Amino acid sequence: MRKFGLILFLSCLLVITGCSAKEGRPLEDFQYTDQDGQSFGLKDLEGKVWVANLFFTNCTTVCPTLTANMSYIQQQAEEAGLDEVHFVSFSVDPEVDTPEDIKKYAESFAANFSTWHFLTGYSQKEIEDYALNNFKEWVVKPENDDQVIHGTKFFLMNKNGEVISDYPGDVDVPYKQILKDIKSAL
């Protein structure tokens with residue numbers, strides 16, 4: 001009987017955990033500049049499901065792969081009729097990445113700007129703090145180096161602006177799972 005009680009307890013715990021999967025870590029408010037030089041912030045994403053990542057335009061390692069993978073997710077979402085999902089890419093080299101540079105970079109990945117915003121317009125310290133506090137990702141710009149060290153995850157936010165899941169964004173990207181999770185969050 002004791003064994004049955006333990007199994008029942010663990011089953012209930014799993015059900016409760018599964019039911020609360022839509023709730024997550026709330027994000028701090030932000031108001032930055034997008035690829036068109038327009039102000040864009042968390043308020044613009046109210047009531048929307050969105051996917052975020054970190055990047056910078058002169059990255060010589062993972063960023064082209066991350067951006068290509070995000071572009072693929074955007075394309076797959078559009079093909080699946082998930083037009084309501086938005087995408088946000090935060091530059092981790094904001095003092096170098098101008099809106100013009102970002103727009104040119106994003107266009108090379110066929111970004112659909114109606115739902116994908118590439119952000120800059122903040123200090124290096126601000127993005128380092130924002131990434132760590134909100135995405136639990138390190139961003140470090142070493143002295144005398146034009147390459148920025150940063151995380152490679154994609155983050156899914158619910159309509160309340162909370163991080164509800166994260167995924168590898170560079171290798172073994174779980175595209176089907178991401179699309180499934182987007183669909184259930186809408």
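A residue is called buried when its relative accessible area is under 20%, exposed when it is over 50%, and partly exposed in between (1.4 Å probe, protein chains only). By that criterion, both faces of strand 6 are covered, with Trp116 and Phe118 buried on one side and His117 and Leu119 buried on the other. The structure is a predicted model, in which local features need pLDDT of at least 70 and side-chain atom pairs count only at pLDDT 80 or more, while totals for chains, interfaces and linings use all residues. Residues are numbered from 1 along each chain as its sequence is written, and side-chain values use heavy atoms, with hydrogens and water left out.

**Overall composition**

- The protein contains five helices and 10 strands; helices (H or I, at least four residues) and strands (E, at least two) are DSSP runs, numbered from the N terminus.
- Of the 186 residues in the protein, 44% are buried.
- The accessible surface of the protein amounts to about 9,900 Å², and carbon and sulfur atoms account for 55% of that surface; accessible areas come from the Shrake-Rupley method with a 1.4 Å probe, and for residues only the protein chains shown count as cover.
- Contact means heavy atoms within 4.5 Å. Among contacts between residues at least 6 apart in sequence, 70% join residues at least 24 apart.

- Six strands form an open sheet with mixed pairing, in the order 1-10-9-4-5-6; two strands pair if DSSP finds at least two bridges between them.
- The edges are strand 1 (25–26) and strand 6 (116–119), each of which pairs on one side only.
- Strand 4 (residues 50–55) and strand 9 (residues 153–157) run antiparallel and are joined by three bridges. Trp50 has Met157 in strand 9 as its bridge partner.
- Strand 5 pairs with strand 6 in the parallel sense over four bridges. Val88 has His117 in strand 6 as its bridge partner, and His117 is one of the buried residues of that strand.

**Helices on the sheet**

- Helix 2 (residues 63–79) lies across strand 4, strand 5 (86–91), strand 6 and strand 9, and runs at about 165° to strand 4. Axes are lines fitted to C-alpha atoms, for helices over the stretch in contact, and angles run from 0 to 180 degrees between N-to-C directions.
- Helix 5 (residues 175–185) also packs on the sheet, where it touches strand 4, strand 9 and strand 10 (162–168). The direction of helix 5 makes about 165° with that of strand 10.

**Salt bridges**

- The count comes to four salt bridges, a salt bridge being a side-chain nitrogen of Lys or Arg within 4 Å of a carboxyl oxygen of Asp or Glu.
- Asp36 and Lys103 form one of them, at 2.6 Å from N to O. Asp36 lies in the loop between strand 2 (31–33) and strand 3 (39–41) and Lys103 in helix 3 (residues 99–107), so the pair ties together parts that are 67 residues apart in sequence. Asp36 is partly exposed at 39% relative accessibility, and Lys103 is partly exposed at 28%.
- Asp93 and Lys141 form another, with the closest N and O atoms 2.6 Å apart. Because Asp93 lies in the loop between strand 5 and helix 3 and Lys141 in the loop between strand 7 (139–140) and strand 8, the pair links parts 48 residues apart in sequence. Asp93 is buried, with a relative accessible area of 1%, whereas Lys141 is partly exposed at 28%.
- Asp129 and Lys125 meet at 2.9 Å, N to O. These residues are four apart in helix 4 and are therefore separated by about one helical turn. Asp129 is partly exposed at 31%, while Lys125 is exposed at 53%.

**Gln124 and its surroundings**

- Gln124 lies in helix 4 (residues 124–135) and counts as buried, with 10% relative accessibility.
- Not counting residues up to four places away in sequence, Gln124 touches Val92, Asp93, Pro94, Glu95, Val139, Lys141 and Val148. Two of these residues, Asp93 and Lys141, form a salt bridge with each other.

**Nonpolar surface patch**

- Leu132, Trp138, Val140 and Ile149 form a nonpolar patch on the surface, with about 400 Å² of accessible area together. Patches are made of residues with over 30% relative accessible area and no salt bridge, like charges being joined within 9 Å and nonpolar side chains (Val, Leu, Ile, Met, Phe, Trp, Tyr) within 5 Å.
- Ile149 belongs to strand 8 (residues 149–150) and is exposed, with a relative accessible area of 52%.
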